[in-house]
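Dear colleague,

Please find the structure below, handed over for your records. The findings follow directly after it.

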Amino acid sequence: MSKCDQFVGLLFLARDVAHSAHLNTRSYAKHVALNGFYDGIVDLTDKFAEMYQGKYGLIGPIVLMSAEKTNNAVEFFQDQVEKLEKLRYEVVDKDCTALQNVIDEITGLYYTTLYKLKFLA
């Protein structure tokens, strides 16, 4: 699996986990926060993938990942954002600011969601 395949695969996984948690929570605040995440991550993932392919060429097949069993959305999102932060410069050249800005938007969505899950739910 290439680094970009891995990066996009993590985003696909986050979308699926967020949607599942969204449907299974009894907290309205978590329900809304998770809805905002899975709606937002779909658009940002698509934006990233299209821009990446425009610069570097086709990504190829994305391997869908499985989540480790966890009932804690905060832990899941914290783990995910740490992985994404570690991968960002392996996936995209540091000086490719257009793509790095999209990665900033993606990590920003994670941090906003973590704020809502930690302090508003």
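Glu85, Arg88 and Asp104 are linked in a network of salt bridges, a salt bridge being a side-chain nitrogen of Lys or Arg within 4 Å of a carboxyl oxygen of Asp or Glu. This is a predicted model, in which local features need pLDDT of at least 70 and side-chain atom pairs count only at pLDDT 80 or more, whereas totals for chains, interfaces and linings use all residues. Residues are numbered from 1 along each chain as its sequence is written, and side-chain values use heavy atoms, with hydrogens and water left out.

Helices here are DSSP runs (H or I, at least four residues), numbered from the N terminus. Arginine 88 is buried, at 6% relative accessibility, while glutamate 85 is partly exposed, at 31%. Buried means under 20% relative accessible area, exposed over 50%, and partly exposed in between, computed with a 1.4 Å probe on protein chains only.

The structure holds six salt bridges. Another of them joins the side chains of aspartate 79 and lysine 83, at 3.1 Å from N to O. Both aspartate 79 and lysine 83 belong to helix H3, where they stand four residues apart, about one turn of the helix. Aspartate 79 is partly exposed, with a relative accessible area of 34%, and lysine 83 is also partly exposed, at 34%.

A further salt bridge pairs aspartate 16 with arginine 15, their closest N and O atoms being 3.2 Å apart. Aspartate 16 has a relative accessible area of 45% and is partly exposed; arginine 15 is partly exposed at 24%. Aspartate 16 is also 9.6 Å from serine 66, C-alpha to C-alpha, although 50 residues separate them in sequence. Serine 66 sits in the loop between helix H2 (28-56) and helix H3 (73-91), and it counts as exposed, at 70% relative accessibility.

As to helix packing, the axes of H3 and helix H4 (residues 97-120) come within 10 Å and cross at roughly 165°. Axes are lines fitted to C-alpha atoms, for helices over the stretch in contact, and angles run from 0 to 180 degrees between N-to-C directions. H3 and H4 are therefore roughly antiparallel, a label for angles over 145 degrees, while those under 35 count as roughly parallel, 65 to 115 as roughly perpendicular and the rest as oblique. H3 passes H4 in a left-handed crossing, that is, the near helix is turned anticlockwise from the far one by less than a right angle. By class, the contact of H3 with H4 has 12 nonpolar, five polar and four charged residues. Here Ala, Val, Leu, Ile, Met, Phe, Trp, Tyr, Cys and Pro count as nonpolar, Asp, Glu, Lys and Arg as charged, and the others, Gly among them, as polar.

Helix H1 (residues 3-24) also packs with H4: their axes come within 13 Å and cross at roughly 30°. H1 and H4 are therefore roughly parallel, and their crossing is left-handed. Phe7, Leu10, Leu11 and Ala14 of H1 make this contact with Ile103, Ile106 and Tyr110 of H4. The contact of H1 with H4 has seven nonpolar, no polar and no charged residues.

Terms used. Helices (H or I, at least four residues) and strands (E, at least two) are DSSP runs, numbered from the N terminus. Contact means heavy atoms within 4.5 Å.
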